[in-house]
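Today I'm looking up strand pairing and salt bridges.

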Amino acid sequence: MMHCVIWARVSSREQREGYSIDAQLRITRERAEKEGWTIAREFVVAESAKRGAERLVFNQMLKWVKANSRKQKIGYILAHKLDRTCRNIRDAVRLQELEDTCDVKLAFVENHFGPGAAGALSFNVMAAVAQYYSDNLRAEVLKGIEEKVRQGWAPGLAAFGYINVAGDRDNPIQLHPVNSKAVRRIFELYATGTKTLEQIGDALRREGFVYRTSEPRFSRNAVSYILHNPIYTGLVRFRGELYVGKHEPLIDKATFDECHRLLNRKNRRTNKVNHYLAGGMFVCGHCGFGITGEKVVRKQKNGNVHQYIYYRCANVYPEADHPVVRWRQEQLEEAILTDLRSLRIDDEEDRKWFREKLVASVGDEVFLREERLKSLRRRLADLETKQKRLLDAYLAGAVDKNTFTTKTTQFKEETEKAEADLQTSKAGPVTGFEHVVEVFDLAQVAAERWEVSDKAGRREILDTILLKRTLSDTSLVTTKRKPFDVFAKGLILDKSRGDRIRTCDLLTPSQAR
């Protein structure tokens, strides 16, 4: 008795039109029964399955038929139509090779090819037509995707923080009510420069954010992917190019750029892992060369061996007036501690007072910014309404063309100005002012934290707080990052503004006395 293998495939479009796998299997089974063939196995794939599933199942079918054609007396591969099996010429050639090597022929419910050269020609023509259809369909799909991107919408599933809204043509990608807050939180935490990717994952878990049901915690890779994705600034990346998106941005470009600067800085490596204060951490104050580390071994007369680590200028051809810049590690560490201690407000009462004022002051600024954002959004809505009313009046003949043109230009200029002001006002996180307090808290414990940290932790603290680090033959000179530079200069109270803090020049109560 002759056996056959059934191959069934339907596209996503055909499934939507009601043409199911079940219908295709019913037709092919009826044909097998009519011919008196016994079905040895059925291979089925729907294109709504995971991408690449069809190719995987097709290869499995060929492999299985080759292995079992003689043992199970398989004489035919039965399908509904030729384009169900052959999407390209290569598939057709592989099936013809199967017929030549295993004597397994192709049979179709709707397509019939005669014997000899004429039948082979008809088969090849139909296979070429199937490939043309497949290639053309792929081109049309890619064209549609590219057009969607050019219109400002990301193709496929929305990125984490957004959701796809089916049926909403005007706004198909919208903010996820919870995940969008997690994305903002990730950028806020990393922009402070005080958190690693792992620490951000831990912080989000403590705050109740969930990445996925199957993977609740934000892994290092998940956080890194989010920090590198420009979609959160309002851009869409497609085929290596960036397009302006219409979806609502979650963060501003300044925050995104700052996070990238920190990511690039933290990826820096040094080959001299034992000399943790080398590798670009300091530069020579006289020539600008980097400071390198060296280990010196000294053997005393009594036989004892002592090892010392020195940090010196790496310039091997210094000018004649270049002094010897060479520090023992212990001396440099003590100088660093002294510099970090300058950030601390020693008086506990002053420290508490300043922290309370900082929270209140920055909180007021956030409130005022939010109010300004609301005002600008109302202004844009009002301008849009005026423009619609003007157009209605023009179409009704109540306004002449010159007046319409003049007013339209005026509304357009006002709209562009309001949109520019809105983008400027969005700079910096709208909420989360508590992170400013986190920076202040770090400044107060920087020296103590540096003392108890390992070498990698010490490097991270210096990178976080100090923008420039210069060594001369006698002194360490540093430039603090903002706002750490404020704490190093001291605090001044502006009495004329009702004890409101000015973060550029602040003085504590005891200093005022």
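I started where L471 stands opposite L476 in strand 14. This is a predicted model, where local features need pLDDT of at least 70, side-chain atom pairs count only at pLDDT 80 or more, and totals for chains, interfaces and linings use all residues. Residues are numbered from 1 along each chain as its sequence is written, and side-chain values use heavy atoms, with hydrogens and water left out.

I looked up the strands next (DSSP runs of E, at least two residues, numbered from the N terminus; helices are runs of H or I, at least four). Strand 13 (residues 466-471) runs antiparallel to strand 14, with five bridges joining them; strands pair if DSSP finds at least two bridges between them. A hairpin of four residues connects strand 13 to strand 14. In strand 14 (residues 476-480), I found L476, T478 and K480 on the covered face, and V477 and T479 on the uncovered one.

Then I asked: how many salt bridges does a search of the whole structure find? I got 22, each a side-chain nitrogen of Lys or Arg within 4 Å of a carboxyl oxygen of Asp or Glu.

I checked E42 and R29, whose closest N and O atoms are 2.7 Å apart. E42 sits in strand 2 and R29 in helix 2, 13 residues apart. E42 is partly exposed at 29% (buried is under 20% relative accessible area, exposed over 50%, partly exposed in between, with a 1.4 Å probe and protein chains only). R29 is partly exposed too, at 38%.

I also noted R261 with E258, again a salt bridge at 2.7 Å. Both lie in helix 10, three residues apart, about one turn of the helix.
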